[in-house]
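Please find below a colleague's note on the structure shown here.

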Protein chains: 2
Amino acid sequence: MSNETKTFDQKDEPFTVAGLRIDVLDEAFSWYIRSIDAVVSRDLDQRTAHLDVAKGKGKITTILLVDGNPGIRPSQIAEVLLRDRPATGRIIDHLVKAGDIRREADADDQRAQALYITEKGSALAQEVREIIRAQENDFFDFIPSEDREEFMRVLKRAYINMRNKLE
Amino acid sequence: MSNETKTFDQKDEPFTVAGLRIDVLDEAFSWYIRSIDAVVSRDLDQRTAHLDVAKGKGKITTILLVDGNPGIRPSQIAEVLLRDRPATGRIIDHLVKAGDIRREADADDQRAQALYITEKGSALAQEVREIIRAQENDFFDFIPSEDREEFMRVLKRAYINMRNKLE
DNA sequence: TTAAATGGTTGTGAAAAACAATCTTTTTGT
DNA sequence: ACAAAAAGATTGTTTTTCACAACCATTTAA
């Protein structure tokens with residue numbers, strides 16, 4: 001088992017993963033981001049396995065959005081999820097069938113729907129919040145608090161910057 | 001509802017995405033990471049659409065690993081990819097069929113394979129390197145260089161920390 | 001010298017992602 | 001005012017992806 005764990009890059013030796021040289025990926029933000037996301041997502045699936053939002057890429061965001069923004073439309077959710085409307089519609093279907101949210105016709109626009117949380121969904125949202133906080137702790141608690149603030153700041157800016165480019 | 005990990009949000013107005021409140025996700029590293037990854041991955045698919053590594057989640061890493069680590073085994077690649085062996089084997093199949101890498105029997109262990117890059121694969125690896133560098137620039141160039149180093153440092157530590165937990 | 005472990009492949013079924021087409025309602029242009 | 005365009009949402013389809021289980025071959029250990 002090549003179980004050497006480098007704590008940090010030394011000057012002379014290149015950074016390795018499982019003893020292997022990873023080439024340009026070593027200095028690619030995107031590669032670390034992708035790897036972290038893969039593991040965190042899998043972990044989240046396990047933590048939510050017993051809930052209606054399990055196995056989802058957008059269900060958690062959806063339930064929190066509906067809870068925090070009563071009357072929100074599916075198309076607005078799609079915009080946050082960065083997914084298309086069919087995909088978003090299916091996520092909503094799932095949550096409606098599970099009884100966590102309900103659809104109503106938007107008062108101002110007959111084409112659109114207005115989504116609302118149910119009692120059951122509200123309880124679910126609360127559970128989800130706690131799971132996310134717990135996961136954040138488990139994965140990122142090692143970051144010293146002064147680094148953490150800076151890390152979040154840059155991450156947020158990367159996110160905002162990226163969204164701006166999408167338009 | 002403690003808010004002690006509140007980062008840099010200004011006092012009265014909460015952070016919103018497309019005008020919507022995103023609840024706890026606002027302070028979740030994982031959420032920004034996931035969102036950024038989604039967009040960056042899609043972008044990468046477009047940039048590599050004309051190459052053998054297109055539409056892949058692990059092909060790029062694989063070709064770079066083989067190029068930088070001649071004789072590498074599939075199981076070692078799987079460990080870096082954080083995927084299981086069947087998935088890794090199929091990625092290798094794809095690249096072998098495309099003529100970018102080749103399999104040989106490992107000299108020391110007849111069960112194992114030793115993978116090597118081909119001429120074609122070497123050229124591909126070079127193209128991939130440039131694409132990744134270009135993408136990094138496009139997405140993360142806005143980060144001031146002093147912040148960038150710190151950002152990478154924390155990101156890398158998160159990655160290493162996460163891998164250590166997997167064992 | 002069996003039994004267990006390791007390296008790899010094949011098969012399968014369930015989700016997920018991306019697209020196109022359709023339908024209804026609103027908005028826009030003339 | 002009316003036809004055309006745009007916006008909101010759904011249905012359908014096709015292609016990948018993902019995770020498991022089962023399997024074979026070789027090596028290592030008991």
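1. Aromatic pairs. In this predicted model, a search of the whole structure gives 15 aromatic pairs over all chains. One of them joins Tyr32(A) and Tyr159(B), whose ring centres are 5.4 Å apart with 80° between the planes, an edge-to-face arrangement. This pair crosses between chains: Tyr32(A) belongs to helix H1 (residues 29–47) of chain A, and Tyr159(B) to helix H6 (residues 145–165) of chain B. Tyr32(A) and Tyr159(B) are both buried.

2. A pair within chain B. Phe15(B) and Tyr32(B) form a tilted aromatic pair, with 6.2 Å from centre to centre and 55° between the planes. Phe15(B) lies in the segment before strand S1 (16–17) of chain B, whereas Tyr32(B) lies in helix H1 (residues 29–47) of chain B, so the pair ties together parts that are 17 residues apart in sequence. Are these two residues, Phe15(B) and Tyr32(B), buried or exposed? Both Phe15(B) and Tyr32(B) are buried.

3. The aromatic cluster. One aromatic cluster is formed by Phe29(A), Phe139(A), Phe140(A) and Phe151(A) together with Phe29(B), Phe139(B), Phe140(B) and Phe151(B). Lys165(A) lies over the face of Phe139(B), 4.7 Å from the ring centre. Lys165(B) lies over the face of Phe139(A), likewise at 4.7 Å from the ring centre.

4. Extent of the interface. The size of an interface is often given as the accessible area lost when the parts come together. Here chain A and chain B bury about 7,500 Å² between them, and 69% of this is on carbon and sulfur atoms. On the side of chain A, the residues that lose the most area to chain B are Phe29(A), Arg34(A) and Lys156(A), together 10% of what that side buries. The contact takes 73 residues from chain A and 71 residues from chain B.

5. How many salt bridges are found across the interface of chain A and chain B? The rule finds eight. Among the salt bridges is one between Asp147(B) and Arg153(A), with the closest N and O atoms 2.9 Å apart. Between chain A and chain B, 22 residue pairs are in polar contact.

6. Contributing elements. Strand S2 (20–21), H1, helix H2 (59–68), helix H3 (74–81), helix H5 (119–140) and helix H6 (145–166) of chain A each give two or more residues to the side that touches chain B. H6(A) gives the most to that side, with 19 residues.

Methods
Residues are numbered from 1 along each chain as its sequence is written. Chains are lettered from A and ligands numbered from 1 in the order in which they are written. This is a predicted model: local features need pLDDT of at least 70, side-chain atom pairs count only at pLDDT 80 or more; totals for chains, interfaces and linings use all residues. Side-chain values use heavy atoms; hydrogens and water are left out. Rings of Phe, Tyr and Trp (its six-membered ring) pair if their centres lie within 6.5 Å; planes under 30 degrees apart count as stacked, over 60 as edge-to-face and the rest as tilted. Helices (H or I, at least four residues) and strands (E, at least two) are DSSP runs, numbered from the N terminus. Buried means under 20% relative accessible area, exposed over 50%, partly exposed in between (1.4 Å probe, protein chains only). A charge sits over a ring if NZ of Lys or CZ of Arg is within 6 Å of the ring centre and within 35 degrees of the ring normal. Contact means heavy atoms within 4.5 Å. Buried area is the accessible area (1.4 Å probe) that two parts lose on being put together, summed over both. A salt bridge is a side-chain nitrogen of Lys or Arg within 4 Å of a carboxyl oxygen of Asp or Glu. A polar contact is a pair of N or O atoms within 3.5 Å; within protein, one must be able to donate a hydrogen and the other to accept it, and residues adjacent in sequence count only if both atoms are side-chain atoms.
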